[in-house]
Amino acid sequence: MKNDWIKKQLNAFAEEGLERSARVYPGIGGKIRIDGKEVLNFSSNDYLDLAHHPHVIDRSREALEKYGIGSTASRLVTGTLPLHEELEARIAKEKGYESALIFGSGYMANAGTIPVLAGKNDLIFADKLVHASMIDACRISGAKLVRFAHNDAAALENRLKQFPANGNRRLIITESVFSMDGDIAPLQKIAELAEKHGCMLMIDEAHSTGTFGPNGAGLIRELGIEKQVTVSMGTMSKAMAGYGGFVACSEKLRKLLVNSSRAFIYTTAPPPAVIGAALGALDVFEASPNLGNILQANAAYFRSMLHEAGLDTLESRSQIIPIVIGENEKAVAVSEKLRELGILAAAIRPPTVPAGSARLRISITLAHLVDDLERASKAIIDAVKLLI
Ligand SMILES: Cc1ncc(COP(=O)(O)O)c(C=O)c1O
């Protein structure tokens, strides 16, 4: 029958322990109530606990009440509101760039930008572990994709020598804080290589926006390498606790994106309430510039407790802490055990992470107090020892 393939494909997922489904949760953030019980959620990217912040909600509500529900048109038709321009100016200033452009999501920011930077006959050099949205963007671009070993600047340089420009454009892409490993790219070295070899450089700061750098501006700003980084990409969906993505870049590149980025042009402008919330989150970053430091100190404490018990957290140096289990079924079993104890730590399996490296991915947020971190680390250590 013409639809038999669907069942076959689903069976294949099930046989490999890779079947997924979207469970329903009654709330969001680092702490939620399930059946009247408080549960610690270590799978939320609400790193700074802003999803329920009164100021963020107020700014979102004001925008909603002033403009209505949706933007009701694409940006180039009648969808651009003063709020969009205000947010773009604010992001540009915070990130240390001439200008910025908002997209419907972080995924769309990558999908809409990379194909403008590189096309057929061009070369894209990507870290082995870059996010799926960047890989999809490379595929859309039609450029030749060259991967280099994770966070290995020497491997990147070898690749650059191996694949010279030959009159075409070359783009290097990486993340600052990696989404599944929580480690940090050698950005300074990569920026130097980009400069030395005449390449463009785009860095995805999805997980370092709000959590690192002055006023949460990220690692590019902290290292002062804005000039060498062609595009600083970020998302409003993690530490900013809302939705939407953006790129910060030169004015000229912004103009080119406005004129040629399909993910910018052919979609409705992000809605007012979402933009209002993002402005509110930036206000909080500015008013409380220490939030990222507190988060990183808490994450370091959590890691130290796991290390003391002999658990491996790879090279994590951020609020994202992987605990590699290996087999898919075992990772799921540990995650389920923790769930019974009121701790949500989702098992992340291939293809999100490489085969054989299924893991718990712990996101520390400011909703987690020191007591919570101690309780959770003990539960994780016990569960891993019991089941692995
Ligand atoms: C590194 C990275 N880039 C991009 C994205 C996409 O962002 P968004 O969830 O806003 O679409 C994510 C999140 O899933 C991410 O982890």
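These notebook entries record what I looked up in the structure.

**Basis.** I worked from a predicted model, in which local features need pLDDT of at least 70, side-chain atom pairs count only at pLDDT 80 or more, and totals for chains, interfaces and linings use all residues. Residues are numbered from 1 along each chain as its sequence is written, and side-chain values use heavy atoms, with hydrogens and water left out.

**Ligand.** I looked up the surroundings of the ligand and found 14 residues, the closest being Asp204, His207, Thr235, Ser237 and Lys238 (a residue counts if one of its heavy atoms lies within 4 Å). I then took the polar contacts (pairs of N or O atoms within 3.5 Å). A ligand oxygen lies 2.7 Å from a side-chain N or O atom of Thr235. For Ser237 the corresponding distance from a ligand oxygen is 2.8 Å, and for Lys238 it is 3.2 Å. The protein covers 85% of the 390 Å² of accessible area that the ligand has on its own (Shrake-Rupley method, 1.4 Å probe).

**Helix pair.** I examined helix 5 (residues 106-117) and helix 10 (residues 251-260), which pack at about 105° with axes 10 Å apart (helices are DSSP runs of H or I, at least four residues; strands are runs of E, at least two; axes are lines fitted to C-alpha atoms over the stretch in contact, with angles from 0 to 180 degrees between N-to-C directions). The two helices are therefore roughly perpendicular (65 to 115 degrees). Gly112, Thr113, Val116 and Leu117 of helix 5 meet Leu253, Leu256, Leu257 and Ser260 of helix 10 (heavy atoms within 4.5 Å).

**Backbone.** I noted a cis peptide bond from Pro350 to Pro351, with omega near 5°. Pro351 sits in the loop between strand 12 (347-348) and strand 13 (358-363).

Note on methods
Angles under 35 degrees count as roughly parallel, over 145 as roughly antiparallel, 65 to 115 as roughly perpendicular and the rest as oblique. A polar contact is a pair of N or O atoms within 3.5 Å; within protein, one must be able to donate a hydrogen and the other to accept it, and residues adjacent in sequence count only if both atoms are side-chain atoms.
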